[in-house]
Each structure stands twice: as C-alpha cells, then as structure tokens.
Amino acid sequence: SVWAVGTIINILIVIMVRVFVLFTIVVFAAVFHISAEPQVGFGPGLQDWGYVTVRPGAHMFWWLYYTTANVVNHVDRPLVIWLQGGPGASSTGYGNFEELGPLDLFLGERNFTWVRNYNVLFIDNPVGTGFSYVDYDSALTRSNKEIALDLVDLLRGFYKHAPEFESVPLHIFSESYGGKMASEFAYELEKAIEAGTIKCNLKSAGLGNSWISPIDSVLSWAPFLLQTGYVDM
C-alpha cells in the first residue's frame, strides 16, 4: 500500500541520516587534532573530543560540548555527564542527537538542548559501545562494577586533558540501564575521591526512567495504565 511504502521510505531516510551523522563524527575526530583547547566541531558552539585508554586494550570515547550560556568562562557552569542505557546504546549518538544535544537527528538546531545551560560530556559506555572499542574480546566488561571502574579511569583521563573541570560541580545523569551504571559509577567515584586518587567535585547522580529493577518496573505497568484510564479492567 501507499502507507507501507511511505513508512519504508521514512525508515530508510532515518537510517541514512544516522549513518551520515556517525560518519561525520568519525571524520571530525580523525581530521581535527585533539588538543586541550575548545575547538569548532559538529554543530553550534565549541567542543572537544578524544579517547582514554582505561585498561590495556580498552579505549573509551568522549565528546564534550562547552556550554553556550552567556557566561564569562565555561567553567562558570556545571559539567553534566550523560550515560545512555542498553547496555550498549551510544551516548554520543542517541543521547546527543535524539535527546539533549545541540542538533537533532535531522541536524536541525534543538531549542531545548542542555548545552544552553551546562557543559555536557557524552561518553560511549561501556567499552564496545559506539566509538569506544576494545582490541580483543577479553577486554570487554562483564559487570556493572567493571563498567564503573572504567568510567572512573575515563574521568581521570578527561581531567588530565581538561584540568579546569576538576573543581567544576559534576552531575551524572542517565536513563534506562544507564541508571545502574550511573549509580555504580557515582559510588566508585566517591570512593576514589575519598582515597585521594582523583580530584573531582561530584555533586549528584540523576537516574531517569532507570531500569534498576526490571520486575518492579514491569509489575507497575498495568496499575499505571489502569490509574491513568488507558484500560478499565
């Protein structure tokens, strides 16, 4: 039918746009020299990006958007880390282009981007997700604790690259399975701060629509639909 053909065409367009976006990210990361100074990247505002080798054979990709708020210095605003769910969904892809980055999926400027008020750091996490990669399969993580420890090491590398953020208030945000990773990350990060192995001004961890307890989440769906009037029995 005409409707089916139109739907297929729309799906293909979305796939093509996503491929273009990801390809463009790779090109920028490869062409531009990574430095400690903000640079012009993909979309409005100043950005920075890079890799941190968190363990032998394990490399994590991060992408920072400096806030476009009307401030004297970008460090006058907090730093927000965004962790996607999955595990295995790309923060630099989904969270960035489909939710809160400066550009939407069709590369139009988003008028409610978080970058307007905060410095936003997207991390492809865990290793093997998005542009984060491993040299061999044994370097993949196998527990939330391993994921969290990798994130702590990622943050160490990020602060080494951009030390001006060490004293900036840090807020960790996440969604879906990212809630498990964010809470474990915040816990391990606080332990590292207390041990003096990292300098960080951790302020909060926010869990959005978190997949903390699948059983409790699923059991809440039917009562929610009943109470909101979507079903009557």
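Tutor: Start with one cut-off: a residue is buried when its relative accessible area is under 20%. Keep in mind that this model is predicted.

Student: Which way do side chains point in a strand?

Tutor: In a regular strand, side chains alternate between the two faces of the sheet. Now look at E4. Leu 79, Ile 81 and Leu 83 point one way, while Val 80 and Trp 82 point the other way. All of these are buried.

Student: How many residues of strand E4 are buried?

Tutor: 5 of its 5 residues, 79-83, so by the under 20% cut-off the strand counts as mostly covered.

Student: Which strands pair with E4?

Tutor: Take E5 and E7. E4 and E5 run parallel, joined by 4 bridges. E4 also pairs with E7, residues 169-176, in the parallel sense over 5 bridges. Follow Leu 79 to see both. Leu 79 stands opposite Asn 119 in E5 and opposite Leu 170 in E7.

Student: What do E4, H2 and E5 make?

Tutor: A right-handed β-α-β unit. Asn 117 lies in the loop between helix H2 (91-100) and strand E5 (119-123).

Student: Is Asn 117 buried, partly exposed or exposed?

Tutor: Buried is under 20% and exposed is over 50%. Asn 117 has a relative accessible area of 39%, so Asn 117 is partly exposed.

Student: What does Asn 117 touch, leaving out residues up to four places away in sequence?

Tutor: Thr 67, Ala 69 and Arg 77. Tyr 66 is 51 residues from Asn 117 along the chain, and their C-alpha atoms are separated by 9.5 Å.

Definitions and conventions
Residues numbered from 1 in each chain as written. Predicted model: local features only at pLDDT ≥ 70, side-chain atom pairs only at ≥ 80, totals over all residues. Heavy atoms only, no water. Helix = DSSP H or I, 4+ residues; strand = E, 2+ residues; numbered from the N terminus. Buried < 20%, exposed > 50% of the residue type's maximum accessible area, 1.4 Å probe, protein only. Contact = heavy atoms within 4.5 Å. Pairing = 2+ DSSP bridges. Right-handed = clockwise from strand over helix to strand, strands pointing away.
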